[in-house]
Amino acid sequence: MDGPTAQSPLNLRRQRDPRVFGVDRQSLLKAFFGGNAIVAVIVLLLITFFLFREGLSFFPQYREDMELYRRSGMEYASLVKQEHDRFNELLGQLVDIRKRQIRQLESEGKTREEIAALTAPMQAYFYDFSDLAIPLRDYQIAVRDLAAETYKQARMDAEQHRIDTTHTADQHAHVIDYDGTITQIKATFPQLTALNNQLESDMLVVLRKFPPLEDPSLQPLVKAFRKDAIAFTAGLPHYGATLAEWEPERSVGLWEALKTFLFGEQWIVNNNGHSLFGLLPLLTGSLLVTGIAIVLALPFGVGAAIYTNQMARRGEAGFIKPCIEFITAIPSVVIGFFGIAVFGTLVRELSGTPWLDWLPGFPIAERLNAFTAGCLLALMAIPTIFTLSEDALSRVPRVYTESSLALGATRFQTTMRIIVPTAVSGIVSAVLLGIGRVIGETMVVLLCAGNRIRIPDFSEGLATPFQPVHTMTGIIAQEMGEVAQGGIHYRALFCVGVVLFLLTLLINFAAQKIFRHTRVGE
Amino acid sequence: MNPPSNSPEKNPFLPRPSATRRAEKLVRWGLRGLTYFILVCICAILLTIAVKGARAVFVPHWPFINVEFLTQAPETLHVFEVNGQTYELSDSQFRATYEEQGLKSPPDRTYAHAGGGIFPAIIGTLLLVAGAMLIAMLLGVASAIFLSEYGKRGPLLRLIRLSILNLAGVPSIVYGLFGFGLFVIFLDWNISLLAGWFTLAFMVLPVIISASEEALRSVPTGFREASLALGSTRWTMIRTSVLPYALPGILTSSILGIARVAGETAPIMFTAAYLLRDQLPWEGLDHWYDFFFQGVMALPYHLYVVSAKLPQNAYTERMQYGTAFVFLAIVAVMALTSIILRIKIRSRHNW
């Protein structure tokens, strides 16, 4: 590109470009364009840096809080509370049985007094049963009160420590009396053992006195209650042993904080106390919604691609393609709004019709659930899957089709046995990219998934999709606006962002690998 | 091709009906059904929003467009009954009618954000889109020129391409987190137009770079060679022989980018959007630079707020469907323009 160096009678020498700082204009321009291109790399690095900076600093902070929680004895109190909660679940089952019984009697046209008389044994039994746990409840409250004060002090101390790091530890005004609290708590261990033994024998006695219920429709509930109650009673010594083994002195490692985050089953934000940040409910929620969406989008996306590419006439394909591509342009928040305003109600009303009773999970209790969100997300995944699959199908070399037809196969056989199998890697990568798009989608799940933070109950089988769930993207969008900057909650949300980021990178990477690995005909 | 037989039933070359053929036909109809089911679904969604939204945006008398809805700020809606009739009034009207005249106001139900109009949200969205696209276009087109005209195959180019590919797959909420961490908190811009612009620009950057690069690549190599053979420098070659022919393609892709920028909610939720702001962006500024450091209302966020925080009933429907309709119309017009432009350009330049 340099001008001609040979001298010639004609003045072919190019005019010199003006130089800036000894660099000619061409190089400057190149550097300018190159610099812009590098911005993409810088942005990726910045995203990674900021996510990880905020996300990873969550773990030390969480570890510290967990340690305070343990050392102050609050952990012990929460363990006792878990036992009490189990008992309360049993109570809830009893309440359920009673409610059913009353509803049954009401539908038979009994008066209020008759119902009261008929349900009296059940009522009495309920009171008997709930009285059993009074000592346990008192014990739990006593322990909690003991530990709460120490925990509060410890937290305030840690907060102060974080604010002025210049002070050394011994300059603090008060020293927190961890050992005193722990000693007090440990002194109550025999009390708990006695209490548990008492509860065990009481339970066995009370369970035998269960009032007879004639109604056959109640029998499954009663059976379930008895089973759970016996399991609870049998588990009591085990509970006692776990509680006795509790070690307040054991320090919490970073690894344990990481494990509690990744495999924690609860996400409970408590601004004044100990928060639990467990990813599992959000992750399972995200995966459930994504699963539903992909199961629905797969046949539609791939089927439409096969139809449009192989069977439709030219004009028909020219009409279908832009229509489906147009879905990408519909903003996700509009689709979410449609879900909340129309689709959710529609599905619930449809599920109430008697002739659809045989379907699992029908009628649906909640208007907004994983299924509602999944259906709408499927619609959003369809254009991705459709466009890329269609691309993959049209990239299959013509020779393949012609050879197959020449051997006497029908067009349909050629499509199904030659073209689709050849394009399958492209279709798989299309589906993976669809998954990536769905898992990162925020507004639809935020509006339509029901936002209940709980691991979906997979024991319900095919009815599982009809439970409300919360997702990783949803929790970030919902809670980010209201957190204190730099706090543990703020960092926890960034940590969820890191998981999401890594997950989508992994999916994209896999899609690219599969796509490149078995590319045909180029 | 047709056999000389007069009766097509006797045509020996026609396939005989068989079980395989019937199965094939069934599958074909099945696939056709799946395809058209998707189209029906889209139509259902669009029609629902269009029909119900049209009630909020259009009125049956002159000037046929609900001017109030398009030119006012959102207000609280008061619903009350007087003499057995139900009235709906936005907050300012309600106050004017009752409180300023010193009358006792009747018992009412209120719905926040459900009255008034959506003018600040429309303005906010337009501002966000304009700024973000300006930044994204400058960066994106320049990067694409480097990648397609200057870049030599090597580790740097591979790294850049890999970054772009991966950036394209990052969920928009992660961009939101990133923008929140970097612009809002680290650079201390607070919730502002500037933070929203950069967040959205970075989000749409991969789309613009890859589409612009494709447009540049579709210019035949012969054009470049001819220009260089005439002794032009590389930049002159790009300026005169490549960019003019790639420009329509670049613009098309950028319009698609606009649709994406306008449609995303998650990135602006905590970088640029306010729940409610009475003042328009150019009102109440102390300095000219305050313009960049103010939050704005935006249509997608407003739609999220009115659909998530308000109950679904006859009184809130107007605001919900109206916002959805206006928003969808803006985005759809952009997307359709880009699709039509693309078809036109493809048919014009056929090298």
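**Exercise 1. Helix 4 against helix 7, chain A**

Task: Find how the axes of helix 4 (residues 112–132) and helix 7 (residues 189–208) of chain A cross, and which residues make the contact.

Solution. 
- Step 1. In this predicted model, the two axes come within 10 Å and cross at roughly 170°. Axes are lines fitted to C-alpha atoms, for helices over the stretch in contact, with angles from 0 to 180 degrees between N-to-C directions. Helices (H or I, at least four residues) and strands (E, at least two) are DSSP runs, numbered from the N terminus.
- Step 2. Classify the angle: under 35 degrees is roughly parallel, over 145 roughly antiparallel, 65 to 115 roughly perpendicular, and the rest oblique. Helix 4 of chain A is therefore roughly antiparallel to helix 7 of chain A.
- Step 3. List the contact (C-beta atoms, placed from the backbone, within 7 Å). Helix 4 of chain A brings A:Asp128, A:Phe129 and A:Leu132; helix 7 of chain A brings A:Leu199, A:Asp202, A:Met203 and A:Val206.
- Step 4. Sort by class. Ala, Val, Leu, Ile, Met, Phe, Trp, Tyr, Cys and Pro count as nonpolar; Asp, Glu, Lys and Arg as charged; the others, Gly among them, as polar. The contact of helix 4 with helix 7 of chain A has five nonpolar, no polar and two charged residues.

**Conventions and confidence**

Residues are numbered from 1 along each chain as its sequence is written, and chains are lettered from A and ligands numbered from 1 in the order in which they are written. As the model is predicted, local features need pLDDT of at least 70 and side-chain atom pairs count only at pLDDT 80 or more, while totals for chains, interfaces and linings use all residues.

pLDDT is the predictor's confidence in each residue, from 0 to 100. Chain A has a mean pLDDT of 80, and 90% of its residues reach 70 or more. Residues 169–173 of chain A fall below 50; beyond near neighbours in sequence, this stretch has one contact in the model.

**Exercise 2. The side of chain A that touches chain B**

Task: Describe the side of chain A that touches chain B by element and by class.

Solution. 
- Step 1. Count. The contact takes 68 residues from chain A and 67 residues from chain B.
- Step 2. Assign elements. Those of chain A giving two or more residues include helix 1 (25–56), helix 10 (280–311), helix 18 and helix 19 (488–517). Helix 1 of chain A gives the most, with 19 residues.
- Step 3. Sort. The side of chain A that touches chain B divides into 49 nonpolar, 16 polar and three charged residues.

**Exercise 3. Helix 1 of chain A on helix 6 of chain B**

Task: Classify the packing of helix 1 of chain A and helix 6 of chain B.

Solution. 
- Step 1. The axes are 9 Å apart and the angle is about 75°. Helix 1 of chain A is therefore roughly perpendicular to helix 6 of chain B.
- Step 2. From helix 1 of chain A come A:Leu46, A:Ile47, A:Phe50, A:Leu51 and A:Glu54. They meet B:Val174, B:Leu177, B:Phe178, B:Gly181 and B:Leu182 of helix 6 of chain B.
- Step 3. The residues of this contact divide into eight nonpolar, one polar and one charged.

**Exercise 4. Burial**

Solution. 
- Step 1. Set the cut-offs: buried means 20 or more other C-beta atoms within 10 Å, exposed 12 or fewer, and partly exposed in between, with C-beta atoms placed from the backbone.
- Step 2. The buried ones are A:Met472, A:Thr473, A:Gly474, A:Ile475, A:Ile476 and A:Ala477.
- Step 3. B:Ile164 lies in helix 5 (residues 155–169) of chain B. Not counting residues up to four places away in sequence, B:Ile164 touches A:Ala40, B:Pro206, B:Ile209 and B:Ser210.
- Step 4. A:Asn451 sits in the loop between helix 17 and helix 18 of chain A.
- Step 5. B:Asp188 lies in the loop between helix 6 (172–186) and helix 7 (193–217) of chain B.

Conventions: Contact = placed C-beta atoms within 7 Å.
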